[in-house]
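Hi,

Here is the structure I promised to pass on. Have a look, and my notes on the ligand site follow below.

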Amino acid sequence: MSSPTPAPTRVQRPSAEVRWADELARLRERDAAAGAVVPDGWHLSPRSVVDFVLGDAGRRDGLGLETKFVGERALVERCVVALATDRGLMLVGEPGTAKSFLSELLAAAVSGDSTLTVQGTASTTEDAIKYSWNYALLLARGPSLDALVPAPVHRGMSDGKVVRFEEITRCPIETQDSLLSVLSERLLVVPELDDEHRVLHARRGFAVVATANVRDRGVNDMSAALKRRFNFETIHAISDVRRETALVQRQSDAILADAGITSTVPGDLTEVLVTLFSELRRGQTADGRPVEQLSTAMSTAEAVSVAVATGLAAAWFADRPPRGEDVVGALLGTALKDSDDDRSRLRGYLTRVAKERGGRWRELYAARDLLDG
Ligand SMILES: Nc1ncnc2c1ncn2[C@@H]1O[C@H](COP(=O)(O)OP(=O)(O)O)[C@@H](O)[C@H]1O
Ligand SMILES: [Mg+2]
């Protein structure tokens with residue numbers, strides 16, 4: 001007897017254009033109905049791109065678009081303008097501030113496709129950016145379009161789509177600079193091909209969104225020539241604890257629900273967690289007292305991970321709703337990595353700050369010994 005075929009598993013994380021396909025369809029309908037001007041090669045009007053990225057919660061005439069990127073409207077508008085011009089867009093900031101997420105949302109809204117992505121590393125080569133060859137075909141037939149294996153930039157240029165270049169500053173400078181002619185002349189030369197196919201002119205809609213982490217080798221190492229071809233936007237951590245709490249609650253609720261867990265992290269506990277993150281990030285309590293910052297970036301992305309780990313630990317191993325001690329346990333694994341100094345700094349924070357506060361803070365204070373290595 002054969003064993004039952006397991007049900008196909010779902011993908012871990014569908015890309016934005018799949019996850020929000022119906023929102024994108026509704027925005028297209030709205031653009032068509034309103035006769036909105038859609039730039040050549042784009043899927044949506046600029047205004048619809050911004051609405052998609054930010055969501056339209058609370059708007060009377062809204063389409064019920066989910067809140068996605070939490071940030072200033074003006075910033076997102078500047079990003080959209082950059083994509084419509086012949087400049088690249090460079091998103092810089094601390095890790096975990098949603099640079100990648102924002103670039104994914106922009107690509108999904110502008111091109112209907114966020115998957116043309118180059119991941120920058122120290123070993124990224126021009127092949128991975130522009131094109132490479134299928135060597136079997138190359139040997140059999142010589143250089144031809146059939147033998148060419150397009151990489152994201154080639155595909156973005158020929159299809160007129162947004163190309164994402166993640167962590168561009170991790171690439172060697174020479175590799176980064178291979179984008180120069182692409183960005184300035186908007187063409188890509190494949191010297192091996194015959195005259196008819198040698199030069200690829202970018203179709204309208206092609207644009208590059210790059211991200212760079214300020215904690216890596218910085219954008220200072222980028223060549224001046226390449227810098228001039230980008231508009232830079234700095235993405236800051238969310239400064240408003242209320243908005244950040246709402247985001248962490250929303251995202252952790254969704255992830256826990258997806259894992260089949262019904263008891264989410266209680267609102268007052270999420271607020272304590274986000275306050276802790278924001279105070280340690282800024283090196284200051286809400287009432288202005290200095291606290292020692294950690295070496296790890298206490299980002300919103302990490303706060304979401306800690307909230308999810310808190311919920312999972314409580315549901316799976318304690319069989320009760322999440323409490324402060326679960327947060328401390330989750331911080332250990334998720335945020336503090338392997339730094340002993342960070343542990344003692346966090347312990348110091350709990351000892352001095354959490355002690356004086358009521359409510360959920362007491363639970364964190366009581367669990368501070370978990371931080372002793
Ligand atoms: N301003 C924000 N708006 C929405 N989500 C955010 C924000 N900041 C952080 N996040 C969360 O952080 C996650 C990961 O961010 P990511 O894009 O990988 O950061 P980065 O590329 O800056 O390191 C996002 O998926 C989201 O859960
Ligand atoms: Mg990133």
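**Around the ligand**

Helix 5 gives the largest share of the shell around ligand 1, three residues (helices being DSSP runs of H or I, at least four residues, numbered from the N terminus). This is a predicted model, where local features need pLDDT of at least 70, side-chain atom pairs count only at pLDDT 80 or more, and totals for chains, interfaces and linings use all residues. Residues are numbered from 1 along each chain as written, chains are lettered from A and ligands numbered from 1 in written order, and side-chain values use heavy atoms, without hydrogens and water.

The shell holds 16 residues, with V70, G96, K99, S100 and Q251 the closest; a residue belongs if one of its heavy atoms lies within 4 Å. Helix 5 (99-111), helix 12 (241-258) and helix 14 (300-318) each supply at least two of the shell residues. Domain 1 (16-235) and domain 2 (241-372) both contribute, so ligand 1 lies between them (bounds from an automatic or database domain assignment).

Now the polar contacts (pairs of N or O atoms within 3.5 Å). Oxygen atoms of ligand 1 lie 2.3 Å from a polar side-chain atom of Q251, 2.8 Å from a backbone N or O atom of F101 and 3.1 Å from a polar backbone atom of A98.

Cheers

Notes. A polar contact is a pair of N or O atoms within 3.5 Å; within protein, one must be able to donate a hydrogen and the other to accept it, and residues adjacent in sequence count only if both atoms are side-chain atoms.
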